[in-house]
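Good morning, everyone. Please look at the sequence and the model while I talk.

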Amino acid sequence: MEASGAISLQLGVNALCALKLRLPLGLPTPSSDPPGGGETYLSRAWTTSPSVPGRVVASVRRLHQLRATMQWAGSMMSRLRSCLQALPSALRRSLSSAQDVLRRTPLYDFHLAHGGKMVAFAGWNLPVQYRDSHVDSHLHTRRHCSLFDVSHMLQTKIFGHDRVKLMESLVVGDIAELKPNQDKVRELQNMGSDVGLEVMDNALLALQGKWARLGLELTFAFQVSSTAWHRGRAAPGEGPTAAQVLQAGVADDLRKLPFMTSAVMEVFGVSGCRVTRCGYTGEDGVEISVLAAEAVRLATALLENPEVKLAGLAARDSLRLEAGLCLYGNDIDEHTTPVEGSLSWTLGNRRRAAMDFPGASVIVPQLKGKVQRRRVGLMCEGAPVRAHNPILSTEGTVLGAVTSGCPSPCLRKNVAMGYVPYEYSRPGTLLLVEVRRKQQMAMVSKMPFVPTNYYTLK
């Protein structure tokens with residue numbers, strides 16, 4: 001029972017419980033405590049009181065010590081704020097939040113005006129999708145035409161007598177054999193960027209994610225029905241032809257611009273644009289390099305055609321995965337060889353014979369069949385497969401891990417890619433993947449999962 005002549009006090013400890021204590025009348029309350037840390041007058045008074053249990057006294061002491069610690073921390077934060085205010089403004093900006101330091105492309109406000117949902121991606125603020133759903137955007141790209149902002153992968157020119165020698169010291173491709181305006185894409189994978197190389201004006205033009213021009217990627221697709229996807233071919237003549245949208249705004253004949261070549265031309269009244277026939281979706285498309293000041297004007301002109309819609313990172317990722325294309329940092333990195341990554345096509349014949357490229361002592365033996373692991377495609381049952389999900393043999397032995405995975409909007413099946421030992425890399429091999437601690441069937445599949453539609457001269 002509660003003794004008479006006492007008052008009640010509620011103490012909350014870590015929000016887990018509340019102790020209802022009885023204080024003898026006449027003892028000082030916490031509000032009359034003298035300042036300071038550690039053991040206060042209140043806890044000393046309680047220590048001398050025979051009506052307060054010893055463990056309660058210890059708890060109160062700890063609470064007072066915690067209060068003193070928090071007061072000290074508050075004082076230190078106040079001092080830190082004063083120090084930060086004394087720093088130069090440029091340095092204060094560099095210490096601001098991660099959102100503040102994200103870089104913006106010249107189309108940032110344009111994306112917001114068109115309903116773009118912005119996210120952080122590789123240090124940039126980019127649209128993940130727009131008002132349409134990810135799946136709708138993906139399917140529109142396959143059936144019609146989509147516009148992507150790829151301004152975070154930009155350009156620099158490399159001049160000098162030894163420019164070719166410099167680039168061949170970095171990549172495995174045959175740079176010397178490049179003809180003017182001919183691309184050699186994704187050769188700089190060991191440098192960590194999506195890159196294209198071409199020869200122009202006695203210089204090498206490298207498209208890389210660290211310089212300040214604007215790139216627009218316009219991806220075209222023939223009209224393809226669901227049954228055509230499953231048959232592995234597109235019905236000829238169905239839907240809009242690939243280059244009609246862009247052809248309406250250029251004087252050059254795009255029929256003479258095949259896959260992996262480029263030309264400088266005027267595009268919808270914007271002069272000096274470099275149009276490269278390539279892309280990251282598996283469809284016929286172009287990348288347009290344009291001065292930043294003209295970016296909004298050009299994007300607005302392209303969107304006037306009802307065939308064209310904006311598409312974001314989400315659609316771009318599922319499109320490139322259906323096409324079996326790698327994402328650097330996920331599917332390949334500085335520890336991946338071209339043979340392991342199923343990218344042996346990047347190795348030039350001259351350089352294979354000379355063995356003068358980076359990593360030749362490791363890569364050439366792998367070309368002869370001594371590779372331990374390979375990147376493979378997977379068609380999976382059950383729940384969607386994501387990066388880092390384990391890949392297992394049918395006996396349950398862990399073989400590797402998924403590097404990219406998603407439901408395919410075109411195939412309506414789960415697709416993925418990952419690395420397995422060479423002996424498990426044959427198409428048709430049955431494997432298991434583990435998703436949320438549950439194992440489900442997967443089959444090694446040829447890539448691309450969806451047939452590509454690159455434009456080549458007949």
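A polar contact is a pair of N or O atoms within 3.5 Å; within protein, one must be able to donate a hydrogen and the other to accept it, and residues adjacent in sequence count only if both atoms are side-chain atoms. Keep that rule in mind. First, some ground rules. This is a predicted model, where local features need pLDDT of at least 70, side-chain atom pairs count only at pLDDT 80 or more, and totals for chains, interfaces and linings use all residues. Residues are numbered from 1 along each chain as its sequence is written, and side-chain values use heavy atoms, with hydrogens and water left out.

Now the overall picture. The protein chain has 13 helices and 20 strands. Helices (H or I, at least four residues) and strands (E, at least two) are DSSP runs, numbered from the N terminus. The chain has 458 residues, and 45% of them count as buried. Buried means under 20% relative accessible area, exposed means over 50%, and partly exposed is in between, with a 1.4 Å probe and protein chains only.

Take a contact as heavy atoms within 4.5 Å. Among contacts with a separation of 6 or more in the protein chain, 60% join residues 24 or more positions apart.

Start with histidine 138, in helix H6. Is histidine 138 buried or exposed? Histidine 138 counts as buried because its relative accessible area is 0%. Its side chain makes a polar contact of 2.8 Å with the side chain of glutamate 322. Leaving out residues up to four places away in sequence, histidine 138 also touches others, including Leu319, Pro409 and Cys410.

Next, histidine 140. Helix H6 covers residues 134-143, and histidine 140 lies in this helix. Histidine 140 is buried too, because its relative accessibility is 11%. Which backbone oxygens lie by its side chain? The backbone oxygen of cysteine 145 is 3.0 Å from a polar side-chain atom of histidine 140. For the backbone oxygen of glutamate 307, that distance is 2.8 Å. Histidine 140 and valine 308 are 168 residues apart in sequence, yet 8.7 Å apart in space, C-alpha to C-alpha.

On to the strands. Two strands pair if DSSP finds at least two bridges between them. Six strands make a closed barrel, in the order S15-S18-S17-S16-S19-S20, with antiparallel pairing. From one strand to the next, the twist averages 40°. Axes here are lines fitted to C-alpha atoms, for helices over the stretch in contact, and angles run from 0 to 180 degrees between N-to-C directions.

Look at one pair in the barrel. S15 (residues 373-380) and S18 (residues 413-421) are antiparallel and share eight bridges. Arginine 373 has proline 421 as its bridge partner in S18. Helix H11 (residues 313-322) lies across S17 (398-408) and S18, at about 120° to S17.

There is also a hairpin. Strands S11 (residues 262-267) and S12 (residues 270-276) run antiparallel, joined by five bridges. Serine 262 stands opposite threonine 276 in S12. Two residues sit between the strands, and phenylalanine 268 in the turn has a positive phi of about 50°.

Last, the cysteines. A disulfide here is a pair of cysteine sulfur atoms within 2.5 Å. How many disulfides does this rule give? The count is zero. Cysteine 273 is buried because its relative accessibility is 0%. Cysteine 326 is buried as well, at 7%.
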